Amino acid sequence: MRLDKFLKISRLIKRRTVAKELADQGRVDINGQPAKASSAVNTGDVLTLHFGQKPMNVRVTLLKETVKKEEASSLYEIIGESED
């Protein structure tokens with residue numbers, strides 16, 4: 001699944017266009033490597049999202065094409081904030 005689509009479906013980011021812009025600015029890493037919006041996300045990957053001064057690490061636990069709002073948080077687990 002594409003990175004921007006995963007971020008939107010998991011509700012980590014509200015809109016897919018915002019997720020695409022964030023990735024294109026180099027503010028999203030997959031397993032420590034800078035990722036583009038079209039990068040593939042797999043189960044077990046660790047995503048680092050750089051929101052201002054607080055980078056957040058999440059592990060992808062499940063991939064689904066569509067989920068209900070209540071189930072969105074089951075797609076990932078927060079590992080914590082990194083000390084970037």
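Predicted model: local features only at pLDDT ≥ 70, side-chain atom pairs only at ≥ 80, totals over all residues.

Colleague: OK, so is Thr48 buried or exposed?

Modeller: Thr48 has 11% relative accessibility, which is under the 20% limit, so Thr48 counts as buried.

Colleague: Where does Thr48 sit?

Modeller: In strand E3.

Colleague: And what does its side chain make a polar contact with?

Modeller: With the side chain of Asn57, at 2.8 Å.

Colleague: Which strands does E3 run antiparallel to?

Modeller: E3 is joined to E1 by 3 bridges, and the two run antiparallel. E3 and E4 also run antiparallel, with 6 bridges between them.

Colleague: Which residues stand opposite each other there?

Modeller: Ile30 is opposite Leu47 in E3, and His50 is opposite Pro55 in E4.

Colleague: How many residues lie between the strands in the hairpin of E3 and E4?

Modeller: There are 2, and in this hairpin Gly52 takes a positive phi near 60°.

Colleague: Changing topic. How many residues has the largest nonpolar core?

Modeller: It has 23. Leu3, Phe6 and Leu47 are among those with the most contacts inside it. Helices H1 and H2 and strands E1, E3 and E4 each supply at least two of its residues.

Colleague: Which of them gives the most?

Modeller: H1, with 4 residues.

Colleague: What is Leu3 in contact with, leaving aside neighbours within four places in sequence?

Modeller: Its contacts include Ala23, Val28, Ile30, Val41 and Leu47.

How values were computed
Residues numbered from 1 in each chain as written. Heavy atoms only, no water. Core = buried A, V, L, I, M, F, W, Y, C linked by side-chain atoms within 4.5 Å. Buried < 20%, exposed > 50% of the residue type's maximum accessible area, 1.4 Å probe, protein only. Contact = heavy atoms within 4.5 Å. Polar contact = N/O pair within 3.5 Å; in protein donor to acceptor, adjacent residues only side chain to side chain. Pairing = 2+ DSSP bridges.
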